[in-house]
Amino acid sequence: MSLDQDGPSPSPRRRRTIAVVALAAAVASARRSPPIRLRPVELAFPTAPADVVARFERKLLDSGKVERSLPGEYIGRFSGQAGPFSYDTRELVRVEGTTITFDHLEGPFRTCVERFGVRPDHGASKRSVVTHEGTFTMRGGLAGWLLGISVVRGLFERLVEREMHAMAADALRASAGAA
């Protein structure tokens with residue numbers, strides 16, 4: 001039994017309308033790719049949580065890349081290289097207790113939110129554990145998402161690890177110099 005026997009087939013105009021609507025829906029859904037979650041990174045720091053947060057704020061303010069500063073809230077510019085990609089971003093940085101959050105305002109991603117949590121290391125006095133978590137959404141729909149999953153996520157994760165290790169090494173040198 002053919003489909004034509006179940007009822008009249010759609011007119012050519014109706015078929016074109018259905019095709020255009022289906023194509024528009026596919027394009028619209030492809031524009032918004034799903035968020036990509038970064039692998040959490042956890043690293044021990046040789047200083048107390050309050051010192052880690054204070055050092056971070058000093059580093060941000062001393063960088064000269066802060067456009068606006070309110071207590072616990074900054075708008076900063078960041079740039080660098082991650083593999084073959086260079087980046088320039090503008091981000092809202094919030095410091096609330098022992099949590100530091102970066103919200104992407106401008107740059108290569110559609111959205112990006114990163115969170116650094118600082119807590120005491122219960123195994124050692126005057127030490128901290130810093131945890132990084134984040135998600136980002138690529139521009140470019142499905143093609144952007146595929147690039148994000150296959151290339152950008154790994155570059156981003158390695159960049160975060162490298163920066164966290166550098167911050168921990170700076171804290172270690174500073175604490176050794178103060179002792």
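This is a predicted model: local features need pLDDT of at least 70, side-chain atom pairs count only at pLDDT 80 or more; totals for chains, interfaces and linings use all residues.

Trainee: How many helices and strands does the chain have?

Mentor: There are 3 helices and 8 strands. Starting at the N terminus, the order is α-β-β-α-β-β-β-β-β-β-α.

Trainee: And what percentage of the residues is buried?

Mentor: Of the 179 residues in the chain, 33% are buried.

Trainee: What about the largest nonpolar core, how many residues has it got?

Mentor: That core has 28 residues, and Phe45, Ile100 and Phe136 have the most contacts inside it. Elements giving two or more residues to it include β2 (41–45), α2 (49–62) and β8 (128–137). The largest share is from α3, with 7 residues.

Trainee: OK, Phe45 then. Which residues is it in contact with, leaving aside neighbours within four places in sequence?

Mentor: Among them are Val52, Val130, Met164, Met167 and Ala171. Arg127 and Ser128 are also in contact with Phe45.

Trainee: Switching topic: how much space lies in the largest pocket?

Mentor: About 870 Å³. Its lining has 31 residues, and Phe78, Tyr87, Glu91, Glu114 and Leu159 lie nearest the centre of the pocket.

Trainee: Which element gives the most to that lining?

Mentor: α3 again, with 9 residues of the lining. Others that supply at least two each include β4 (73–82), β5 and β7.

Trainee: And how does the lining divide into nonpolar, polar and charged?

Mentor: You get 20 nonpolar residues, 5 polar and 6 charged.

Definitions and conventions
Residues are numbered from 1 along each chain as its sequence is written. Side-chain values use heavy atoms; hydrogens and water are left out. A nonpolar core is a set of buried Ala, Val, Leu, Ile, Met, Phe, Trp, Tyr and Cys residues joined through side-chain atoms within 4.5 Å. Buried means under 20% relative accessible area, exposed over 50%, partly exposed in between (1.4 Å probe, protein chains only). Helices (H or I, at least four residues) and strands (E, at least two) are DSSP runs, numbered from the N terminus. Contact means heavy atoms within 4.5 Å. On a 1 Å grid over the protein atoms alone, a cavity is a set of points where a 1.4 Å probe fits but cannot get out, and a pocket is an open set with protein on both sides within 12 Å along at least five of seven lines; lining residues have an atom within 4 Å of a point. Grid points are joined across faces, edges and corners, and a volume is the space filled by probe spheres set on the points. Ala, Val, Leu, Ile, Met, Phe, Trp, Tyr, Cys and Pro count as nonpolar, Asp, Glu, Lys and Arg as charged, and the others, Gly among them, as polar.
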